[in-house]
Amino acid sequence: MNYDHVRDQDPAVADALTGEVERQNDTLAMIASENHVSEAVLEAQGSTLTNKYAEGYPGERYYGGCEYADEVEQLAIDRAQELYGADHVNVQPHSGSQANMGVYLAVLDPGDKILSLDLTHGGHLSHGHPANFAGQVYEVEQYEVDAETGYIDYDDLREQAEEYDPDIIVSGYSAYPREVEWESIQEAADSVDAYHLADIAHITGLVAADVHDSPVGVADFVTGSTHKTIRAGRGGIIMCDEQFADDIDSAVFPGMQGGPLMHNVAGKAVGFGEALEPEFEAYAEQTVANAKALADQLHERGLELVSGGTDNHLVLVDLRPSHPDTTGKEVEESLEDAGIVLNANTVPGETRSAFNPSGIRAGTPGLTTRGFDEDACREVADLIAEVVDSPDDQDVFAEVAERVDELTDTYPLYD
């Protein structure tokens with residue numbers, strides 16, 4: 001992969017871009033929200049559609065010259081509808097967070113009530129954290145996972161909903177390693193006449209491949225990111241029944257943003273097309289199998305897993321039982337030095353700060369894209385455990401870094 005035109009114009013930026021290619025090639029991407037898109041998606045997102053304003057929707061634009069923008073956006077919509085079985089799809093949100101904003105803007109008024117999972121228990125900033133717009137504009141109460149099991153208690157959630165009487169309940173999470181029972185949350189929403197927003201940002205690919213149950217047709221609104229398990233480039237998506245279509249479209253444009261990023265929409269179209277191929281289902285199944293293998297081996301090495309394991313693409317490790325004096329940030333930094341890139345993460349019952357929490361989160365989407373299987377992921381688990389157990393042992397560090405180099409060579413990424 002070269003950046004010849006960039007280098008001619010701006011060598012400093014070209015150096016950074018080529019450095020990033022090398023970094024991705026030479027490290028193991030295990031941040032659960034990251035993945036590696038195909039070169040076809042990269043080309044689409046770097047296309048001349050970045051030059052085009054296309055305010056409005058296909059066939060109803062405010063500027064001329066949108067015939068190809070219309071074609072690309074309609075392809076993205078049609079393919080998403082085929083993938084998810086949704087009545088209506090809006091592919092214009094710039095991110096999953098903005099997709100959530102679009103739903104709030106469509107059906108809530110300032111001061112309305114949101115019920116969502118607490119960030120330290122696996123929720124997301126855009127679900128109502130006080131530092132986020134959602135927590136500043138709306139009244140928010142949050143539910144938690146069961147402290148003992150690490151699972152959502154759906155009976156407790158329903159009781160909390162009936163007591164709080166929210167206008168919308170948010171499901172779908174950024175650090176919850178178990179399957180979500182969409183129907184149970186919908187029942188809780190119905191019991192208080194609330195909307196239900198299912199945020200599948202992390203599991204868009206797993207849902208598309210039927211590896212995880214789908215909330216489409218269950219929840220009133222389904223939002224997601226398009227650059228995680230779905231591998232369709234950076235952006236967001238909103239799906240809903242036809243009755244909400246006009247409200248959602250108006251909330252996205254002109255409600256919260258102007259012209260869509262048409263080059264990103266092109267990446268979505270290409271990525272959705274790839275996800276319709278039979279190979280994608282095998283990829284999604286392998287992603288989950290790899291996460292289970294990673295979890296099993298981390299547990300075998302004495303690390304405590306929130307909820308005891310995983311049903312999806314990620315594992316959440318609570319360091320406190322086995323390494324009470326070690327923080328997630330320390331582990332994150334040590335592993336990155338060895339070439340394994342994951343993130344520090346809060347865990348249920350967190351007593352430290354969100355910036356330097358007690359856990360780590362690791363995902364398998366990126367490893368699976370590179371071709372890792374269960375055996376390779378078990379080996380990665382061993383490497384992680386070696387660093388966690390011996391953070392100051394330079395011999396261990398050197399052995400882990402050497403093995404990471406061998407793995408990245410065995411499973412190459414971009415040329």
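So, start with D311, which makes a salt bridge with R178, the closest N and O atoms sitting 3.0 Å apart. By salt bridge I mean a side-chain nitrogen of Lys or Arg within 4 Å of a carboxyl oxygen of Asp or Glu. Across the interface of domain 1 and domain 2, the rule finds one salt bridge.

Quick caveats: this is a predicted model, where local features need pLDDT of at least 70, side-chain atom pairs count only at pLDDT 80 or more, and totals for chains, interfaces and linings use all residues. Numbering runs from 1 along each chain as its sequence is written, and side-chain values use heavy atoms, with hydrogens and water left out.

Where are the domains? Domain 1 covers 42–276 and domain 2 covers 285–410, with bounds from an automatic or database domain assignment. Their centres, taken over C-alpha atoms, are 28 Å apart. Domain 1 puts 19 residues into the contact and domain 2 puts in 21, contact being heavy atoms within 4.5 Å.

How much area is buried between domain 1 and domain 2? About 1600 Å², with carbon and sulfur atoms giving 59% of that. That's the accessible area (1.4 Å probe) that two parts lose on being put together, summed over both. On the domain 1 side, T120, P177 and R178 supply 34% of the area buried against domain 2, more than any other three residues.
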